[in-house]
Structure formats: C-alpha cells, structure tokens
Amino acid sequence: MDERILCFDRDKTVDVSPPASGTPVPLSWVQFYAHRTDHDVWATGNPRLCREAGIPSPREARQLLVAAGVDPVAEYDRMNTGRIDRLRLLEQLYSVTGHDDVQFVVVDDTDVTTFTDGRAWSYYQPGEFVSAVESGTLPRPDPDAVPGDTYGPPGRTDASQALLERFEQRLSG
Ligand SMILES: [Mg+2]
C-alpha cells in the first residue's frame with residue numbers, strides 16, 4: 001500500500017462532470033490509480049464515482065467501523081455539507097487500523113484545506129492535480145492500462161472489494 005491515499009471528488013472535478021473552467025481529472029486516471037497502482041483510492045464526493053471507477057466511499061468505511069464495534073466520528077452525509085465528515089471517517093478508519101503514516105491527497109473543486117482536525121491533507125484543485133501528476137508528483141497514468149471502455153457500463157474491474165476486505169481483516173485481527 002502506498003502511503004499516499006487518493007480521495008477524489010466527482011462533480012466539477014472528474015471529466016464525467018467537468019468544472020466550468022480549468023482541467024478536469026480524467027476518469028481513466030482515477031481507474032488507473034485504483035486498479036494499477038498500490039494507492040488506495042476513495043470516492044469522497046458524489047458516490048456515482050464508486051460505480052464509474054470501481055472504488056469505495058466513506059459510507060463503506062463507516063460501515064466497517066460500525067461492524068467492528070468502533071463508534072464512528074461522523075454520520076455519512078452524501079451532500080456537500082458532509083465532505084469534511086467523509087474525510088474524517090476515512091482518517092478514523094486508517095487511524096484505528098494502525099496506519100499512522102498515511103498521507104491523504106484530496107482532489108476536489110471545493111477547498112478542504114480548512115480541515116485541521118487531525119492529519120493535514122494535501123489538497124489539489126482538479127487542474128492543480130493534473131499539473132502535479134504531469135510534473136511527476138505521482139505515477140503518470142497509462143490510459144490503456146485498464147482494459148475496456150472507460151465510460152462504459154459498470155462491471156469493469158472493481159477495486160473496492162479488495163480494499164474493504166483488507167480493512168475488515170485488520171479490524172477483526
Ligand atoms: Mg465537486
């Protein structure tokens with residue numbers, strides 16, 4: 001597992017719902033990081049990205065915590081007002097499973113740098129993230145690495161199950 005955990009918003013961030021101006025994050029990039037790298041990848045905005053990219057959301061993170069008898073720090077709220085709580089739920093999941101050295105990389109058109117309760121987040125606007133990747137901050141995505149139609153129906157490789165099972169094991173251990 002790479003210590004940099006990638007959290008993607010969807011609306012006005014990824015190219016399935018691009019921002020009015022600036023460069024969106026290609027959906028194929030989200031899929032590449034989820035399916036072809038050691039990065040854990042989460043959908044922290046509109047959960048439609050879960051199906052589009054085959055990744056879990058903080059809703060599943062919260063369910064794991066509850067199932068393990070851990071009191072979650074927040075409700076799961078899919079609306080805009082819940083974005084900080086969704087990040088806090090992820091922070092809690094990694095924290096209680098002993099991942100104290102992780103760094104959250106949050107890509108969102110809404111600035112989340114005001115979040116200071118716990119670890120610092122590396123925050124990128126979508127266009128900033130694209131520039132950072134192009135300058136080598138993260139592995140350069142290979143758009144052909146994940147087979148199938150990027151924008152096709154769900155049923156492509158699903159990275160969420162393996163990721164969630166890893167945490168399920170750690171929580172029960
Ligand atoms: Mg958004």
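Mentor: A residue is buried if 20 or more other C-beta atoms lie within 10 Å of its own. Keep in mind that this is a predicted model.

Trainee: OK. Which residues of α1 are buried?

Mentor: Leu 27, Trp 29, Val 30, Gln 31, Phe 32, Tyr 33 and Ala 34. That is 7 of the 10 residues in α1, so by the 20-atom cut-off the helix is mostly covered.

Trainee: And what covers them?

Mentor: The cover includes β1, β2 and α2.

Trainee: How many residues does the largest nonpolar core have?

Mentor: It has 36 residues, and those with the most contacts inside it are Cys 7, Phe 8, Val 30, Val 41 and Leu 90. Elements that each supply at least two residues include β1 (4-8), α1 (27-36), α4 (83-96) and β3 (103-107). The largest share, 6 residues, comes from α1.

Trainee: Take Leu 90. What does it touch, leaving out residues up to four places away in sequence?

Mentor: Cys 7, Trp 42, Pro 58, Ala 61 and Phe 104.

Trainee: Where does Lys 12 lie?

Mentor: In the loop between β1 and α1.

Trainee: Why is Lys 12 classed as partly exposed?

Mentor: Because Lys 12 has 18 other C-beta atoms within 10 Å, whereas a buried residue has 20 or more and an exposed one 12 or fewer.

Technical notes
Residues are numbered from 1 along each chain as its sequence is written. This is a predicted model: local features need pLDDT of at least 70, side-chain atom pairs count only at pLDDT 80 or more; totals for chains, interfaces and linings use all residues. A nonpolar core is a set of buried Ala, Val, Leu, Ile, Met, Phe, Trp, Tyr and Cys residues joined through C-beta atoms within 7 Å. Helices (H or I, at least four residues) and strands (E, at least two) are DSSP runs, numbered from the N terminus. Two residues are in contact if their C-beta atoms, placed from the backbone, lie within 7 Å.
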